[in-house]
Amino acid sequence: MEIVKVENLSKIYRQDTLEIRALSGINLSLESGEFTVVAGPSGSGKSTLLNLIGGLDRPTEGRILFVGEDITRLGKGRLSQLRLSKIGFIFQSYNLIPVLTAYENAEFILLLQGMPYQKRRQHVMELLEEVGLKGLESRRPYEMSGGQQQRVAVARALASNPDLVLADEPTANLDSKTGLALIDMMLDMNKTRGVTFLLSTHDIRVMDRARRVILLRDGQISSDARVGESLAQNNPSP
Amino acid sequence: MKAFWILLKLAWRNLWRNVRRTLITMVAIGLGLALAMISIGLNDGGHEQMIESGVRMGAGHITVQPLGYQKNPSNDKIIADEACIVEALQGMPHVREASLRIVGKGLISSAANSSGIAFRAVDPGKEGDKSLLAPHLISGDYLTVGDTGGILIGEKLAQKLKVSVGKKVVLMGQDASREVSSALFRVKGIYKTGVSDLDGYFCLISLKGARHFLGLEQGVTQVAVYLDSQFQVEKVLSLLRSRLGPLPVEVLPWQEVMPELVRFVRLDDAGGYLFLGIILVIVALGILNTILMSVLERTREFGMMLALGLSPHLLFLMIIFETTFLALLSMILGSGLGLGGHHYFATVGLDLTGLTPERLTLAGTIISPILYSHLRLTRVVGLLIIIFLVTLTTGLYPAVKASRLAPIRAIYQY
């Protein structure tokens, strides 16, 4: 099943007379259960692409179909609702609400969704156990390591059983061992839960673990390959 | 409902992120509120003392006098049937005492000198009248029941007339038939209030003595009605007016008898409100500073929360909850401090004796140099509502600012 379909997507940032073309003519689709990495150097448009797919920003041209619905035409409220129920987010840093505990952070979205207490508690406890944070539920973000904090973020992103999890450079602020452990955990979640992941990274070791890698360069897809396929063969750019 | 719960939890915890800043703001708002309470208490207390003093020195909370007396006072305007008024006042709720009086102006003379005076004739047995001068007697005694020839004069007047207790003085004036009449009185006592207008001008005689002096068989020029409290004037006034309807008398509240006192109280109240306004502005700026700072430094976090799916109006609500918590805590602190201060000034009083060499009169009343706070519940509730609304209104700007954030901009630019 096609979760996301991006058609001829462009994003231009304008500042006074200056125009910065962040994305240009992007076409791609994400199938349900895929674990995809968007890679590329800084400024290649990785974060912009994720933000547009997540409904956090609006494209200059093109459209994004999320489970068949064109989200570029949705209003703020509807987009907010879509993010709450169908998309999980993991950011690079400062990912958690500092005044809430690990449990409360993971619970946050479910509270906004109005899930009943018993069901919510059981679900959050299971998730925290799954991400290896059993026993750390009552810790505040400042009492946890960067890796632990990102695990809470993963638990929170998965809490609402979303169709898609978007992770913008989730390992950027972690040491390589912790970063890879986090990616392995996300891969595990992808396998066991069947959740679709779309990650951005410029870390080659993260790219190694992905089943599909989309390479961006200067706002355009320079290659899009699945495991076992040659990057060069799948390069859509001339 | 569950979303509200997490928002309340977040708002409460956010408030304590920067404990020092929250405490400083709370103390600032609390002190502002306490200051406003104490100021209102002393202001209202001072006004009530002035009004009570004016009422005691003047013509009671409610004055019954001959029709037209207020516009053109004259010794020939008499209430002939005062018993009718006394009867109407019998058993009326909130009425503490009714004092029958003859008031007028005349000339007092001794062997050495003479002076223009105002006199008041009272029933010496009435406590309300007695409490005016009896505590200030420096020699002699207060008038006694049945006394016809005794007179109380002030120290300043006694010095001018060169008389002492037991000496004779002659009182001259216009009687009820507009003829000049005179009567001999003997100085019964000399008082000193410290107010030169009283001590050099005001004399007290008995009703019997005045009737003898003015050639009256009966009748009075004024019935001063004292109530349990100045706040019952409206109720008693309408009842009394309805009971005395057919009589040729005017029934006036103290506000009409002493308009200059009303003007002073209003003017003083205006000053009080200006002071209160300044306090409210300071309170508002304090809150705005705290909430705005706290919003600005959390821009990225708000962006993240919006990205996760928190709707802008729930974010708005969260900031409003934070403001509300801050306001409520500050109000509890401020109320504690303010009521404590009020209690102190209500029992011990604010002694301003050092600021005035002698007792002051203002708008025809003696101002006590010791002010006692009087804080009515309605004033406290009103003030708390105002502070709460000011706080909430001040929190609107940061809340709107936060709710209008674009998540992407908030996350990546802050």
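Trainee: Which residue stands opposite S109(B) in strand 6 of chain B?
Mentor: That is V170(B). Strands here are DSSP runs of E with at least two residues, helices are runs of H or I with at least four, and both are numbered from the N terminus.

Trainee: What sort of model is this, and how is it numbered?
Mentor: The model is predicted: local features need pLDDT of at least 70, side-chain atom pairs count only at pLDDT 80 or more, and totals for chains, interfaces and linings use all residues. Residues are numbered from 1 along each chain as its sequence is written, while chains are lettered from A and ligands numbered from 1 in the order in which they are written.

Trainee: What about strand 9 of chain B against strand 2?
Mentor: Strand 2 (residues 95–109) and strand 9 (residues 222–227) of chain B are antiparallel over six bridges. The partner of L100(B) in strand 9 of chain B is V223(B).

Trainee: Zooming out, how many helices and strands does chain B have?
Mentor: Chain B has 14 helices and 14 strands. Its radius of gyration is 31 Å, well over the 22 Å that the globule rule gives for 414 residues, so chain B is more spread out than a compact globule. That radius is taken over C-alpha atoms, and the rule is 2.2 Å times the number of residues to the power 0.38. Along the principal axes, the C-alpha atoms of chain B fill a box of roughly 100 × 50 × 30 Å.

Trainee: Helices next. At what angle do helix 12 and helix 13 of chain B cross?
Mentor: Roughly 150°, and the axes of helix 12 (residues 312–347) and helix 13 (residues 377–403) of chain B come within 8 Å. Therefore helix 12 of chain B is roughly antiparallel to helix 13 of chain B. Axes are lines fitted to C-alpha atoms, for helices over the stretch in contact, and angles run from 0 to 180 degrees between N-to-C directions. Under 35 degrees counts as roughly parallel, over 145 as roughly antiparallel, 65 to 115 as roughly perpendicular and the rest as oblique.

Trainee: Is that crossing left-handed or right-handed?
Mentor: Helix 12 and helix 13 of chain B make a right-handed crossing. Right-handed is when the near helix is turned clockwise from the far one by less than a right angle, left-handed when anticlockwise. The contact residues include F316(B), I320(B) and M331(B) of helix 12 and F388(B), L392(B) and V400(B) of helix 13 of chain B. Residues are in contact if their C-beta atoms, placed from the backbone, lie within 7 Å.

Trainee: What classes of residue are in that contact of helix 12 with helix 13 of chain B?
Mentor: There are 16 nonpolar, six polar and no charged residues. Ala, Val, Leu, Ile, Met, Phe, Trp, Tyr, Cys and Pro count as nonpolar, Asp, Glu, Lys and Arg as charged, and the others, Gly among them, as polar.

Trainee: How do helix 2 and helix 12 of chain B cross?
Mentor: At roughly 40°, with the axes of helix 2 (residues 19–57) and helix 12 of chain B within 7 Å. Helix 2 and helix 12 of chain B are therefore oblique to each other. Their contact has 15 nonpolar, 11 polar and no charged residues.

Trainee: Where does chain B touch chain A, and with how many residues?
Mentor: 20 residues of chain B are in contact with 18 of chain A. On the chain B side, helix 1 (2–15), helix 11 (299–308) and helix 14 (407–413) each supply at least two residues. Helix 1 of chain B gives the largest share, seven residues.

Trainee: Over to chain A. What is the strand order in the open sheet of six?
Mentor: The order is 6-7-8-3-9-10 in chain A, and the pairing is mixed. Strand 7 (residues 164–168) and strand 8 (residues 196–201) of chain A run parallel, joined by five bridges.

Conventions: Contact = placed C-beta atoms within 7 Å. Pairing = 2+ DSSP bridges.
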